[in-house]
Amino acid sequence: MTKAHAIAWAFFIFNGFSMATFAKIQAMKNLTDTLQHFLFEDKFNNAMPIRGNLVYLNDTYHQVLQHQTLPPVLKHALGELMAASALLSATLKMDGAMVLQIQSKGALKLLVVECNSDLNIRATAKWDETQTSRIAETNFIDLVRNGQFVITLDPKEGEAYQGIVPIEGETIAEMLQNYMLRSQQIDTSLWLTCDDTSACGMLLQKLPDIGGTAALNKKVIDQDLDAWNRMNYLANTVTADELQNLPAEILLSRLFAEENVRLFEPKPTQFYCSCNQTSVASMLRMLGEEELNSILAELGKIEVNCDFCNKHYLFDAVDTAALLATEASVNISTAKH
Ligand SMILES: [Zn+2]
């Protein structure tokens, strides 16, 4: 038993919650933004083919909200999607970014969250601002009916992958669970919660195949076929309050009291927007010379605002000529080879 487990167990045993214990739990509360991996082990300390992640977003969430004034329903949905993006991208071995988008044709147009392998997260929402008060009175699920879920994996090296599915489910957690099962054939369970303070969540995932290391433990799996159902049953007792207020050690020892859980070191998450002058110039180049020149003729300058961080980019006639010249030189150098 590790020291962390021992402490967690001590709290669990003295679960009478004396004021002293309660004060200690509050003091232990993880106020920094983190993601933590955990996995289950059998009584011989062999890993079971089930892994988990916990995420707690506070600063990351608030920094995203600083750039937009969102109706509460969108604020909380975006927070849940942020928590989900960290939980899911932490299950990938890929070095790159995962983008989760909920697209709809009604008053809500788009929720988008990007999380990369360093747990840098950015997010934004687009909606019909003439309908802000109506959105504020509508359930999230009613805003996204007939919409679609788009998941993009954009590795630093290699081809990007995009999966588009109709929205199925009543909550963001259900939508993602359905997506993971239908499109990726991976059993995944998610618990997400978000209020004005924080966005938090937990993930359980059945490892995709019983190959590799897990094959060595086949005997163990044969003896514990019910492990996936049992862990889900136990995890389903989690409350929003527990996800938001308990440190990982305490939460896991409460939920999985009879199980061996190995908890790994927390990894920090943070808000980070990757936009810069070069990426904006590339985006403008895609509009083409004719379009850029017509904007310049009309407005005398080209202004671009980043939806994720609100950073403002300004291109005058000289800057625009330079960015188009860069394109020309890129084309020439490509042509030479
Ligand atoms: Zn930005």
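Among contacts in the protein between residues at least 6 apart in sequence, what percentage join residues at least 24 apart? The figure is 64%, with two residues counted as in contact if their C-beta atoms, placed from the backbone, lie within 7 Å.

A word on the model before we tour it. This is a predicted model, in which local features need pLDDT of at least 70 and side-chain atom pairs count only at pLDDT 80 or more, while totals for chains, interfaces and linings use all residues. Residues are numbered from 1 along each chain as its sequence is written.

**Overall make-up**

The protein has 15 helices and 14 strands; these are DSSP runs numbered from the N terminus, with helices being H or I of at least four residues and strands E of at least two. Of the 337 residues in the protein, 31% are buried. Here a residue is buried if 20 or more other C-beta atoms lie within 10 Å of its own, exposed if 12 or fewer, and partly exposed in between, with C-beta atoms placed from the backbone.

**The core and helix H4**

The largest nonpolar core holds 67 residues, and Leu81, Met82, Ala83, Ala84 and Ala86 touch the most other members. Helix H4 (residues 72–89) gives this core its largest share, ten residues. Such a core is a set of buried Ala, Val, Leu, Ile, Met, Phe, Trp, Tyr and Cys residues joined through C-beta atoms within 7 Å.

H4 itself lies across S3, S4 and strand S5 (120–127), at about 30° to S4. Axes are lines fitted to C-alpha atoms, for helices over the stretch in contact, and angles run from 0 to 180 degrees between N-to-C directions.

**Sheet and hairpins**

An open sheet of six strands runs in the order S7-S6-S3-S4-S5-S12, with mixed pairing. Its edges are strand S7 (161–166) and strand S12 (270–271), each pairing on one side only. Two strands pair if DSSP finds at least two bridges between them.

| Strand | Partner | Bridges | Residues standing opposite |
|---|---|---|---|
| S3 (residues 96–103) | S4 (residues 108–116) | seven bridges | Val99 and Glu114 |
| S8 (188–194) | S9 (residues 199–206) | seven bridges | Cys194 and Ala199 |
| S13 (residues 302–305) | S14 (residues 312–315) | four bridges | Glu303 and Leu314 |

S8 is joined to S9 by a hairpin through four residues, and S8 is mostly covered, with six of its seven residues buried. The hairpin of S13 and S14 has six residues between the strands, and there Asn310 takes a positive phi near 70°.

Helix H7 (residues 172–184) lies across strand S6 (148–155) and S7, at about 115° to S7. Its 13 residues reach 17 Å from first C-alpha to last, close to the 18 Å expected at 1.5 Å a residue; the expected span is 1.5 Å times one less than the number of residues. Buried in H7 are Ile172, Ala173, Met175, Leu176, Gln177, Tyr179 and Met180, and their cover includes H4, S6, S7 and S8. Just after H7, Gln185 takes a positive phi of about 55°.

Helix H14 (residues 289–299) lies largely in the open, because the number buried among its eleven residues is zero. Just after H14 comes Gly300, with a positive phi of about 80°.
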